[in-house]
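These are my notebook entries on a structure I wanted to look through with some care.

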There are 2 protein chains.
Amino acid sequence: MKSAASAVARGATLQSIAEAAGVHRSTAARALDPAQAHRISPEVVEKVRAEALRQGYRRDAIAASLRTGRSRLVGVVLPDLANPVFAPILDGVGAALAEAGYSMLVADGGTDAARQTAIVEELIARRVDGLVLATARRSDSVLTVCLDAGVPTVLVNRAEDLPRASSVVSDDICGMRLAVEHLVGLGHRRIGHLAGPDGLSTGVLRRQGFEAAMRAAGLDPTAITVARAYSRAEGQAATAALLDAAPGLTAIAASNDLLALGAYLELARRGLSCPHDISIVGHNDMPLVDMIAPPLTTVRIAHAQMGEAAARLLLERLADPDAEICARLMPAQLILRGSTQALR
Amino acid sequence: MKSAASAVARGATLQSIAEAAGVHRSTAARALDPAQAHRISPEVVEKVRAEALRQGYRRDAIAASLRTGRSRLVGVVLPDLANPVFAPILDGVGAALAEAGYSMLVADGGTDAARQTAIVEELIARRVDGLVLATARRSDSVLTVCLDAGVPTVLVNRAEDLPRASSVVSDDICGMRLAVEHLVGLGHRRIGHLAGPDGLSTGVLRRQGFEAAMRAAGLDPTAITVARAYSRAEGQAATAALLDAAPGLTAIAASNDLLALGAYLELARRGLSCPHDISIVGHNDMPLVDMIAPPLTTVRIAHAQMGEAAARLLLERLADPDAEICARLMPAQLILRGSTQALR
DNA sequence: AAGAATTATGCGATCGATTGCACATTGTCA
DNA sequence: TGACAATGTGCAATCGATCGCATAATTCTT
């Protein structure tokens, strides 16, 4: 008993400080709030601060939240925490939020809408002030839940087709154009595309970017297979299908680095060499893809900045609920490495 | 005004449900709590549940926390969210916590003790029920803050020298022994070690593991350089120093995959080939190291399971504050790939 | 049938910080 | 000097769920 009780003994409430300082707790509260301290006489402020320090007072964020209705908490929902792509995004979000005094409630929602919904409900019950979703499908039922609940929400990395909420995504169309132009510049004419899942904006937009860029170059943009998920295994399967359906390809533009790595595997399985037989371009510039063999030429996405931008957008909306919805595109950048070479 | 107000219009309090159902709010509370519903007549339970559903009621976790003193929130502090090693740990922690109805407050504490302390204070002010620290130094001032505040705390991935708190770490000594024994088995005799920072348990224990295993094999364990941080750049610098100080090495056991990758870079710079000239073993089995050239032989750590175990240990302690402090070792496993080969 | 035991529900204090309003004190100006 | 403003502080309601205790209703004993 004793040990547990004394361990939890966290006195130091506003009340206890006020008593010790001989003032009312509301006065103590004001003295400790930098924004209100000027309304209180300097001597009292000093006395209260000293007492707070002495007692090791820490304002109870929970009690404050209950009263004010704001928790200074933001929920962040990711589709897969283990996927290295999301760590830097999370990092960016966290950094921008911390700067503004907000904390992150992080949850892995998986790819299942029902589970994501359950998680979002849980976050809402915790009275998060806002949400960042990295899980959005092109038409996302989870977002509906968020909006219905009146919780300011921002999408990151993936967006919906229609702008119901602000979003920050990479400029997928442009990124894929850079990839295609690079390949075309190297002399490639028969270029295939490993597309991402249909339900995700990244999958669709990058595919559109591929098609547009191919047409712009006067090339046939029909060598496409769609992967069912962003994973190596699906990438390998899709590559196999692509190579079978469109023989004679000399280059592949993948919608995602993991798909590109799957392509590496399938090429190796068939005894083909990259880049000698087939050039490959990825998308994302995941950590370590500069050290694989061959180093992957890929489209770099500013993940951390994307996360930061999303958080800032959310913070703006929290400050002003009537802020415009805006869709922000982050610039994509082609990173040249060893997986592409000029057509012999 | 109107839009903001109506957007935030989240009625549905216990009170509103109770009124609509014609009962007292305490009755409604009990009817909605599975653990107490049996004390209430089935008809009332049904009526209340129906009403809750109709109004879209969600219990306010904040208000509940204030009253009960438990937030069902656990703070998780990481040294570097962008480091791919921590994502799976976080994933494991999150999964185990979610199962028990807890949520994660995630914060990147960096490597600076002052900043980590500030973050922990913030988490404590948010009344987290417990903390998971992945940042521990061998003697960690931040842990002192946690313990002084009476917040149950568990260390993960890195532990202190003395067991002030429960911890879950990989069996670093054994892992390094596996690496050395593998190299010795391949015929290597002149083996160097890239050690991690002195201040981290992983750095010291793996180094001890290296020394012990070398001595056990009757070999000289003095070819060691200590990296200042776990990064490729420091790994490259340390490798340069190691090769200069101990010419004739045929193998290197690194304390960490990033250090091993730094070694790759330095070998390449010197025109040496891995594994032909020098074999390299890493530690951690980070994502993608199976696809670099050459694929890295490394000691796999069960990151996700480590996170899960840490969370479970914390949950146990939350359930029973007098639970024993325990230091848990997760088994390490050698993964054979292409960066090591038999001495010619 | 009186009393005991059990069950169902209501009551109201409580957690700790916040904040609109009231009150008191002092200063200012005509 | 009387009316008025400015300033500093106290008062008490409030946020919403929880839970010990009280009370009412019901069933069980003997």
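This is a predicted model: local features need pLDDT of at least 70, side-chain atom pairs count only at pLDDT 80 or more; totals for chains, interfaces and linings use all residues.

Asp172(B) and Arg206(B) meet through their side chains in a salt bridge, with N and O 2.8 Å apart. Asp172(B) lies in helix H9 (residues 172-185) of chain B and Arg206(B) in helix H10 (residues 201-216) of chain B, so this pair ties together parts that are 34 residues apart in sequence. Is Asp172(B) buried or exposed? I found that Asp172(B) counts as buried because its relative accessibility is 2%, and Arg206(B) is likewise buried at 2%.

The next pair I looked up was Asp140(B) with Arg137(B), whose side chains form a salt bridge at 3.3 Å, N to O. Here Asp140(B) is buried, with a relative accessible area of 2%, whereas Arg137(B) is partly exposed at 21%. In chain A I noted a network of salt bridges that links Asp244(A), Glu266(A), Arg269(A) and Arg270(A).

Entry two, where the chains meet. I found 48 residues of chain B in contact with 48 residues of chain A. Together the two chains bury about 4500 Å², and 60% of this is on carbon and sulfur atoms. Which three residues supply more of the area that chain B buries against chain A than any other three? They are Arg58(B), Arg126(B) and Met291(B), which supply 17% of that area.

For the polar side of this interface, I noted 18 residue pairs in polar contact between chain B and chain A, both residues at pLDDT 80 or more. By class, the side of chain B that touches chain A has 28 nonpolar, six polar and 14 charged residues. Several elements of chain B give two or more residues to that side, among them helix H1 (2-8), helix H6 (86-99) and strand E2 (103-108).

The rule finds six salt bridges across the interface of chain B and chain A. Arg58(A) and Glu121(B) meet in a salt bridge at 2.4 Å, N to O. Asp60(B) forms a salt bridge with Arg127(A), and the closest N and O atoms are 3.2 Å apart. This pair crosses from the loop between helix H4 (42-55) and H5 of chain B to the loop between helix H7 (113-125) and strand E3 (130-133) of chain A. I checked the accessibility of both partners: Asp60(B) is partly exposed at 22%, while Arg127(A) is buried at 18%.

A disulfide is a covalent bond between the sulfur atoms of two cysteines. How many disulfides does the structure hold over all chains? The count is zero.

Thr27(A) has its place in helix H3 (residues 25-32) of chain A, and Thr27(A) is buried at 19% relative accessible area. Leaving aside neighbours within four places in sequence, Thr27(A) is in contact with Ile40(A) and Val44(A).

Notes: Residues are numbered from 1 along each chain as its sequence is written. Chains are lettered from A and ligands numbered from 1 in the order in which they are written. Side-chain values use heavy atoms; hydrogens and water are left out. A disulfide is a pair of cysteine sulfur atoms within 2.5 Å. Contact means heavy atoms within 4.5 Å. Buried area is the accessible area (1.4 Å probe) that two parts lose on being put together, summed over both. A salt bridge is a side-chain nitrogen of Lys or Arg within 4 Å of a carboxyl oxygen of Asp or Glu. A polar contact is a pair of N or O atoms within 3.5 Å; within protein, one must be able to donate a hydrogen and the other to accept it, and residues adjacent in sequence count only if both atoms are side-chain atoms. Helices (H or I, at least four residues) and strands (E, at least two) are DSSP runs, numbered from the N terminus. Ala, Val, Leu, Ile, Met, Phe, Trp, Tyr, Cys and Pro count as nonpolar, Asp, Glu, Lys and Arg as charged, and the others, Gly among them, as polar. Buried means under 20% relative accessible area, exposed over 50%, partly exposed in between (1.4 Å probe, protein chains only).
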